[in-house]
Amino acid sequence: MSEPYGGAAIARAPHGLSVKSLGNGTLWLAAFLSGFVIEEPAPYELYMALLSVVWFACGLKFRPEFGPLIICMMLYVAGGVASVPLAQDFGDAMMYIAVSGFLAITAIFYAAILADDPNRFRIIQNGYTFSAVLVSAIGIAGYFNLFPGADYFTLYDRARGTFQDPNVFGPFLVLPTLLIIQKLLRNSVLKNLHLLVPLAILLFGIFLSFSRGAWGVLFAAVLIIYFLALVTEQNPRRRGRLVFLGFGGVLAVFALLAIALSIDTVSEMFAQRARLVQDYDGARLGRFARYALGFQMVMENPLGLGPLEFNKYFPEDEHNVYLKGYTTYGWLGGSVYLLMAFWTLLAMVPLLFKSRPWTAFTQSVFAVFAAHLILSVIIDTDHWRHMYLFYGLAWGMIATDKLERKRQWSMAKA
């Protein structure tokens with residue numbers, strides 16, 4: 001018997017374990033391993049390379065419903081390949097684009113997984129959340145040096161957990177944080193008190209990353225989710241409850257912030273990182289000046305500057321994924337990335353207001369994806385593993401909606 005939404009038929013493995021259960025277990029592990037990228041190649045990359053081959057070989061389908069993602073990713077990587085000959089170090093440049101190609105495949109894989117069976121979102125959500133809580137706890141332990149060698153999980157006196165950079169560690173934690181907050185908004189808080197512990201761990205991890213980008217992503221994503229909860233709630237009593245929880249949440253955040261800032265080292269780092277513009281932002285060749293100069297350079301170079309070449313002209317890298325698109329992937333790649341980002345965002349909007357078992361998950365993915373697109377103006381998210389995961393999840397949900405509408409049309413026609 002075939003699964004709903006076109007999933008593969010259930011077979012039985014030895015000892016009564018279904019192939020579906022084995023597949024779900026491998027998917028859970030993929031989401032879990034996405035939080036461990038402190039060294040390259042990371043276990044996630046090696047595992048995903050094998051997993052993608054196995055799933056597609058076993059019949060996972062490329063569907064036209066997420067065809068735009070496939071085409072955009074292929075064109076984006078093609079732009080990078082065309083730019084490789086311009087790089088001074090051909091080997092490093094080729095490796096960089098190869099990683100881009102691999103990450104593009106992971107995005108397509110997740111889209112295919114959800115299009116095949118959207119109920120798999122629970123498996124991905126569970127694995128990602130478990131990973132994030134563990135990774136956040138490791139980052140917190142590292143910041144306070146709770147065990148010998150724990151400082152390995154910090155960088156520049158900031159928690160980085162099992163990531164290379166605190167600026168990636170913090171944003172990675174936002175999606176599961178959002179999923180927990182959303183559940184508390186829509187369901188009884190008293191019946192979900194157990195969720196306050198992982199929520200506190202995630203929030204403290206984001207705070208101790210001292211990443212202004214992570215703070216901004218969390219703030220923007222929570223606002224989006226809260227707004228969606230208010231506008232989609234029809235019951236006046238429950239809407240009043242949401243307003244009450246909103247005020248309560250703000251007070252709780254201020255209370256937790258006051259407790260954290262009572263620690264001198266935390267207070268000093270917070271004062272330093274809370275400044276909107278740092279010295280390296282507004283300097284003569286700082287972040288903002290590089291944006292203007294970089295875009296001027298790519299206007300004269302249709303193929304871009306070549307992978308990993310920007311920092312040979314300036315003191316640092318682009319720190320802007322849209323500029324990075326043009327410098328590293330040429331006019332083709334840069335334009336396609338802009339198209340893909342905004343196409344994904346706009347295509348998700350209608351899904352936010354439909355009553356589906358996965359609507360809450362879709363809303364959270366939309367909120368954190370939109371916040372990451374804003375963050376990408378000041379940070380290079382090009383090789384962030386979880387950013388490609390978001391693209392895949394988004395298009396998986398988009399494809400699911402298209403398939404659902406096709407089924408309804410076919411039934412109505414019959």
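I worked from a predicted model: local features need pLDDT of at least 70, side-chain atom pairs count only at pLDDT 80 or more, and totals for chains, interfaces and linings use all residues. Residues are numbered from 1 along each chain as its sequence is written, and side-chain values use heavy atoms, with hydrogens and water left out.

**Salt bridges.** I found 10 salt bridges (a side-chain nitrogen of Lys or Arg within 4 Å of a carboxyl oxygen of Asp or Glu). I looked up Glu-45 and Arg-385, which pair at 1.8 Å, N to O. Glu-45 sits in helix α2 (residues 43-57) and Arg-385 in helix α16 (residues 385-413), 340 residues apart. Helices here are DSSP runs (H or I, at least four residues), numbered from the N terminus. Glu-45 is buried at 11% relative accessibility; buried means under 20% relative accessible area, exposed over 50%, partly exposed in between (1.4 Å probe, protein chains only).

**A network.** I then checked Asp-116. Shared partners join Arg-63, Asp-116 and Arg-120 into one network. Asp-116 is buried at 6%.

**Helix α5.** I traced α5 over residues 121-143. Its 23 residues reach 32 Å from first C-alpha to last, close to the 33 Å expected (1.5 Å times one less than the number of residues). I count α5 as largely enclosed by the rest of the structure, because 17 of its 23 residues are buried. Just after α5, Asn-145 has a positive phi of about 50 degrees.

**Cysteines.** I found zero disulfides (cysteine sulfur pairs within 2.5 Å). Cys-58 is exposed at 64%; Cys-72 is buried at 5%.

Methods:
Helix = DSSP H or I, 4+ residues; strand = E, 2+ residues; numbered from the N terminus.
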